[in-house]
Each structure stands twice: as structure tokens, then as C-alpha cells.
Amino acid sequence: MRITDGVVRILKHLDYRIGRLRDSLRTACQESKRIKIARRESAAIVVAIAALVAGSPAQAQHPEGTPLWAYPSNPPGHELEPDDGIPRRVPGSDASYTVTELRDRFLAPDWHPREYPPMPDVVRQGREPDVSACGYCHRASGTGGPENANIAGLPYAYIVRQMQEYRSGARSTAVPDRGPTRLMIEGAKAATDADIETAAAYFSSIEPGPRIRVEESATAPQTFIVNWFFAASPDGSTEPLGQRIVEVPEDVEQFEARDPHARFIAYVPAGSIARGEALVKTGGGRTVPCAVCHGSNLEGTEEIPPITGRSPTYMVRQLFEFKAGVRRGAQAFQMVPTVANLTLDDMIDVAAYLATLDP
Ligand code: HEC
Ligand code: HEC
């Protein structure tokens, strides 16, 4: 056992050295994808060896009970298909973009410019090197996807507060190394107050539309991770759903093209919608009826976000993160009694029901 302890100590030191190396590499070569991949691979290898040697799982970076299915992460060394040079199109738009353009963090594709106001610079192109374009991840009209958040129509004051809390660290996440959230937090830290106010005014002015179809089911499609989100296996194979939500785009290429019209199917456990409805409306003895604070139709207020028709995967992450105490901004205390007695299964039920309502 003593030998094992020694090896673990060496590996921990190695892990520490790699962490230091990662910090200096990040400053020196922010843009180098190759180095980022190498860094992730080496860190993953060290963690894996440490776990093997110690004979126990590597120390988790996330709070106990984190529902990892709600945080799909690209595996180490994940490579996207190379650009085939063919311009991509989406239904109902005259625009076209190459794959390289669609992967540019400083470009928000403008597929349907007549449907939303002209994007301000911070939304359309961000500011290099650290403020990625808001519209790149959240899409031009803020509809986002399960890997981030739907921010269309959120209250202005709420958006500004969240940005400040990402910046101060009061709002963190259960899986801090997950790419999109890490970039989100980096962007909030580097954004100016003017950037935040401009983006908040823009996104709060947009009406969100329904995009999610919820299906109760004992099975779900088998999935694979495309780029921080799940997609249904093209051969149509299925697997037991169990206690989770599987949320996949109806058309992966359309969603990958960052088209805000992209639609989703969320597979949820049998009976979850009715159980969720009871919790949301009455509290079921375990929580507070949501309308008390979120408005009679859960449409939000000037300070509190709407909770209908939003990604159920995102909703589960938030409910869990309030409970785990990693989301603890100035107003988060209001959610604490709401989630204190909810189990993860309750959270799945609540999220399933809320996703059936129009935003
Ligand atoms: C690299 C992708 C990415 C970019 C770029 C990005 N975000 Fe985000 N954003 C995310 C992710 C991921 C989350 C958090 C999802 C979670 O917590 O599960 C998020 C969350 C948010 C939230 C919280 C939503 C809520 O309902 O509480 C706001 C507000 C937000 N982003 C605004 C912005 C603004 C404004 C910009 C541009 C300055 C921006 N984002 C740029 C990925 C991004
Ligand atoms: C006592 C008031 C109160 C009650 C009751 C309440 N909420 Fe909230 N909720 C809030 C506030 C305030 C926020 C914003 C917190 C922040 O700014 O960090 C919030 C945020 C949320 C969020 C995060 C949304 C986002 O965009 O990230 C979710 C999800 C949520 N509430 C779900 C619910 C559900 C489901 C219920 C009922 C079971 C509920 N809330 C009941 C006050 C409340």
C-alpha cells in the first residue's frame, strides 16, 4: 500500500505541474486548439492513472450527486469533422456559412435578420480575445440550446445580475471545466459594463417561441455527444431512459448551423409531467408553488426569470445547482427553500412539466 501512496503522491504532483503548465499555456496560446486538446488529454490520463492506482474513483471536481447526464462533455481529444468547404444553408434563409465560419466564436450567424433587431457588436462578434459573441452560443435571437441557456426574453435586470454574478464567482457551476460554461464565465469577466447592458437590452427585447416537444417514454434514442450536446443515434436504436431526461435536436445539422429555428425533443420518464405539474402548482408538501414568485403564468417578473418552455436539461442543472450551493448570487436565497427538499427525481418531474408549457 505504501508504494501505492507514493505513486499517488507523484501523480498528484504531476497533476499540479500540468495545472501550472495549463495556466501558462492558456495565457501564451489562447487560440491553439492543438495545445488545448493535448492539455485535456494529459490531464485526463493523469486522473485516470491516479484512479487506477488508488483503486478508487478520482476525486470528483463536482458536488456529490451531480447528474452528469445533464452536463454532457466532449471526451478528451474530441475532434470535430474537418471543414468540407461546402456552404451550409438552413430552411427559410438566403444566407450561407462555411463550417469554419459556423465554428468561429467571434461570429453569430445571422440566418433570419428580419425576425430580430440588428445584433449589437457584442452579440454579433464579441470582442477578441476573451468575449466570445453572445449570439455564437445563444444564437442570434437568444434561443440557445441544452448546452447553454435560452436567454431570449429574460428580464433586463435579471440578465445584468447574472452576468455580474458570473463575473464575481457567485454563480458557478457543478462541472466547472465544461467548455461552454467556462467560456461563458471568461466572457462575463472580460465584458465591460456597457457590453453587458447592450446585450441585456437586446436579448430582453426578444419574444421566445416554443421549440421543445416533450415525450413521456420508457425508452430514449441511443445518443452520442456532438459538441457538448446529445444527438440521437442515426440508426434509430433505443435504450432504457431510466431517471433522466434525454434532449436531442430534431435536426442535428440545423442546430449545429446555429439556426435559432432548431427544435428539440425531450424524452422524459413516464408520469413525470403530471407529478411535475402537482409540484409546480401546489408544492406537494415539499416545495413552494412556483407562481408565488415567478408570476401567475410563470412568465417571470422584472427581476425573476420566466421558467416555461425552456430546456428541461438546463432547468435540472439550475435546480440542482441552487441546491448544491454553487449558484449563490444575491437573489439565489429565494430558491433555496424551494429546492431544499426536492430530490433529483422531483427536479426531473418539474423540468419535464415546465418544458410542456409555451414560453
Ligand atoms: C461559449 C458559449 C457562450 C457564450 C459566447 C456566451 N454564453 Fe451565456 N451561457 C453559456 C452557458 C454554457 C451558460 C450556462 C448554462 C448553465 O448554467 O447550465 C450561459 C448562461 C448565460 C446566462 C444565464 C441564463 C439564465 O437563465 O440564468 C446569461 C444571462 C447569459 N449566458 C448571457 C450571455 C451574454 C450576454 C453573452 C455575451 C456577452 C453570453 N452569454 C455569451 C454559454 C455562452
Ligand atoms: C420565493 C420566491 C421563489 C419561489 C417560490 C420559486 N422561485 Fe425560482 N427563482 C426565484 C428567484 C429570485 C430566481 C432568480 C435567482 C437568481 O437571480 O439567481 C429564481 C430562479 C429560478 C430558476 C433559474 C432560472 C434560470 O433562468 O436560470 C429556476 C429553474 C427556478 N427558479 C425554478 C423554480 C421552480 C420550479 C419553482 C417552484 C417549484 C420556483 N422556482 C419557485 C424565486 C423563486
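## Helix α12 and its surroundings in a predicted model

Helix α12 has 13 residues and reaches 18 Å from its first C-alpha to its last, close to the 18 Å expected at 1.5 Å a residue. The expected span is 1.5 Å times one less than the number of residues. Helices (H or I, at least four residues) and strands (E, at least two) are DSSP runs, numbered from the N terminus. The model is predicted: local features need pLDDT of at least 70 and side-chain atom pairs count only at pLDDT 80 or more, whereas totals for chains, interfaces and linings use all residues. Residues are numbered from 1 along each chain as its sequence is written, and chains are lettered from A and ligands numbered from 1 in the order in which they are written.

The protein holds 14 helices and seven strands. Of its 359 residues, 35% are buried; a buried residue has 20 or more other C-beta atoms within 10 Å of its own, an exposed one 12 or fewer, and a partly exposed one a number in between, with C-beta atoms placed from the backbone. Two residues are in contact if their C-beta atoms, placed from the backbone, lie within 7 Å. Among contacts between residues at least 6 apart in sequence, 66% join residues at least 24 apart.

Helix α12 is mostly covered, with twelve of its 13 residues buried. Among them are Tyr314, Met315, Val316, Leu319, Phe320 and Phe322, together with the charged residues Arg317, Glu321 and Lys323. The buried residues of α12 pack against β6 (246–249), β7, α13 (336–340) and α14. Following α12 is Gly325, whose phi is positive, near 80 degrees.

Helix α14 also has 13 residues, which should span 18 Å at 1.5 Å a residue; its end C-alpha atoms are 19 Å apart, which agrees. Its buried residues run from Met347 through Ala355 and include Asp349 and Tyr353. They pack against β1 (212–216), β7 (264–268), α10 and α12.

Two packed helices are described by the angle between their axes and the distance between the axes. The axes of α10 (residues 272–282) and α14 (residues 344–356) come within 7 Å and cross at roughly 95 degrees. Therefore α10 is roughly perpendicular to α14. Axes here are lines fitted to C-alpha atoms, for helices over the stretch in contact, and angles run from 0 to 180 degrees between N-to-C directions. Angles under 35 degrees count as roughly parallel, over 145 as roughly antiparallel, 65 to 115 as roughly perpendicular and the rest as oblique. On the α10 side the contact includes Ile273, Arg275, Leu279 and Val280, and on the α14 side Ile348, Asp349, Tyr353 and Leu354. The residues of this contact divide into eight nonpolar, three polar and four charged. Ala, Val, Leu, Ile, Met, Phe, Trp, Tyr, Cys and Pro count as nonpolar, Asp, Glu, Lys and Arg as charged, and the others, Gly among them, as polar.

**Surroundings of the two ligands**

A residue is near a ligand if its C-beta atom, placed from the backbone, lies within 6 Å of it. Of the 26 residues around ligand 1, Ser132, Cys134, Cys137, Leu183 and Met184 come nearest. Two or more residues each are given by α5 (134–138), α6 (156–168), α7 (179–190), α8 (193–204) and α12. The largest share, five residues, comes from α7. Of the 22 residues around ligand 2, Val288, Cys290, Cys293, Pro305 and Gln331 come nearest. Here the elements giving two or more residues are α10, α11 (291–294) and α12 (312–324).

| Shell | Nonpolar | Polar | Charged |
|---|---|---|---|
| Ligand 2 | 14 residues | seven residues | one residue |

**Loop residues**

Thr173 lies in the loop between α6 and α7. Thr173 is buried, with 22 other C-beta atoms within 10 Å. Leaving aside residues up to four places away in sequence, Thr173 touches Arg178, Thr181, Glu321 and Val326. Thr173 and Gly325 are 152 residues apart in sequence and 9.3 Å apart in space, C-alpha to C-alpha.

Most residues other than glycine have a negative phi, and most peptide bonds are trans. Trp228, in the loop between β3 (223–225) and β4 (230–232), has a positive phi near 75 degrees. Leu298, in the loop between α11 and α12, has a positive phi near 60 degrees. Trp228 is partly exposed, with 19 other C-beta atoms within 10 Å, and Leu298 counts as partly exposed with 19 C-beta neighbours inside 10 Å. A cis peptide bond, with omega about 5 degrees, joins Glu128 and Pro129; Pro129 is in the loop between α4 (121–124) and α5.
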